[in-house]
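Subject: Structure for you to look at

Hi,

Here is the structure I promised to pass on. Please open it and keep it beside this email while you read.

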Amino acid sequence: LGDFNAAIDSDPNLTRAYVSRANALLAIGQAEQALADCNRALQLEPELAGAFLVRGSVLAQQADYAAAIDDFSRALRADSADAQAFYLRGLAYLKRDDRQQAVADLSETIRLDPNHARAYAQRAGLRKAAGMHDLALADLAHAVRLDSQLATAYCRQLGLFHASLGMHECAVADYTIALCLDPKNAAAKIGRDRAWQAYLTQPRKRPASSRIVKRMDGKFPSPL
């Protein structure tokens, strides 16, 4: 914060210094001060996309989702190629239970930034809720591949999802990958044990993996 304070003291009309300081303030939980800096930046530069983006984030944190959506929309009017603005607006729509618009914004995020792992993960949840299981699984597989820091959590989600579909052999594989990434992950250990027991006790009309492997090869990327 010291550098931003010094820049503003040196030039009180330096709009981007206010936006940068607002972002830093938001990160440490000082939402009201962040809001004040965004408002000041917008007084100086009324169409500054970054200021709308940060202010929208503050408003979303305060659960004022309608106002947050408006700010993210104004940010997009200033910069229609801002993937993060679409992502944040999609999350705000989701909080308002507008799932159709949330999926649309998350899909646009991915179009603009194909490496946005969190957008894939969020869209996976929405697609799962809509019964679009193949697409949801594909989205989660993309998230695993793209974000090594959250790959363990995404693998666990894949495990839960496969288990809910009765695809227990895939669930075992998902949890095993999670444990390779984080050997001490207790939830993954429990999930794998349950999936393995379910796999052992499920009826064997045909080899459990035959359909699954074909679908994974034909439609989904490798989890890692």
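How many aromatic pairs does a search of the whole structure find? The search finds 1. Please keep in mind that this is a predicted model.

**The whole chain**

The protein chain has 13 helices and 0 strands. Its pattern along the sequence is therefore α-α-α-α-α-α-α-α-α-α-α-α-α. The radius of gyration is 22 Å, well over the 17 Å that the globule rule gives for 224 residues, so the chain is more spread out than a compact globule. The C-alpha trace spans about 70 × 35 × 25 Å along its principal axes.

Some totals follow. Of the 224 residues, 42% are buried. The chain exposes about 11800 Å². Carbon and sulfur atoms supply 50% of that area.

For a sense of distance, pick Gln 197 and Arg 16. They are 181 residues apart in sequence. In space they are 57 Å apart, C-alpha to C-alpha. Gln 197 is found in helix α12, residues 186-201. Its relative accessibility is 48%, so Gln 197 counts as partly exposed.

**Helix α8**

Next, go to α8, residues 117-129. This helix has 13 residues. From its first C-alpha to its last it reaches 19 Å, close to the 18 Å expected at 1.5 Å a residue.

Which residues of α8 are buried? They are Ala 117, Ala 119, Tyr 120, Ala 121, Arg 123, Ala 124, Leu 126 and Arg 127. When you look at that list, remember one rule. An α-helix has 3.6 residues a turn, so residues three or four places apart point the same way.

What covers these buried residues includes α6 (83-95), α7 (99-112), α9 (133-146) and α10 (151-164). After α8 comes Gly 131, with a positive phi near 80°.

**Helix α10**

Now move to α10. Its 14 residues should span 20 Å at 1.5 Å a residue. The end C-alpha atoms are 20 Å apart, which agrees.

The buried residues here are Ala 151, Thr 152, Tyr 154, Cys 155, Leu 158, Gly 159, Phe 161 and His 162. They pack against α8, α9 and α11. Just after α10, Gly 166 takes a positive phi of about 80°.

One is Phe 161. Lys 128 lies over the face of the Phe 161 ring, at 4.9 Å from the ring centre.

The other is His 162, which lies in α10. Why does His 162 count as buried? Its relative accessible area is 2%, and buried means under 20%, so His 162 falls in that class. What does His 162 touch, leaving aside its neighbours within four places in sequence? It is in contact with Leu 137, Met 167, His 168, Cys 170, Ala 171 and Asp 174.

**Cys 180 in α11**

Cys 180 is in helix α11, residues 168-181. Is Cys 180 buried or exposed? Its relative accessibility is 63%, so Cys 180 counts as exposed. Cys 180 and Thr 152 are 28 residues apart in sequence. In space they are 8.7 Å apart, C-alpha to C-alpha. Thr 152 is one of the buried residues of α10.

Last, some backbone angles. Most residues other than glycine have a negative phi, and most peptide bonds are trans.

- At 47% relative accessibility, Ala 63 counts as partly exposed.

**Where to begin**

Start with α8 and the helices that cover its buried residues, among them α10. Then find Lys 128 over the face of Phe 161.

Best wishes

Methods:
Residues numbered from 1 in each chain as written. Predicted model: local features only at pLDDT ≥ 70, side-chain atom pairs only at ≥ 80, totals over all residues. Heavy atoms only, no water. Helix = DSSP H or I, 4+ residues; strand = E, 2+ residues; numbered from the N terminus. Expected span 1.5 Å × (residues − 1). Buried < 20%, exposed > 50% of the residue type's maximum accessible area, 1.4 Å probe, protein only. Contact = heavy atoms within 4.5 Å. Phe/Tyr/Trp six-rings, centres within 6.5 Å; stacked < 30°, edge-to-face > 60°. Lys NZ or Arg CZ within 6 Å of the ring centre and 35° of its normal. Rg over C-alpha atoms; globule rule 2.2 N^0.38 Å. Areas by Shrake-Rupley, 256 points an atom, 1.4 Å probe, with all protein chains shown as cover.
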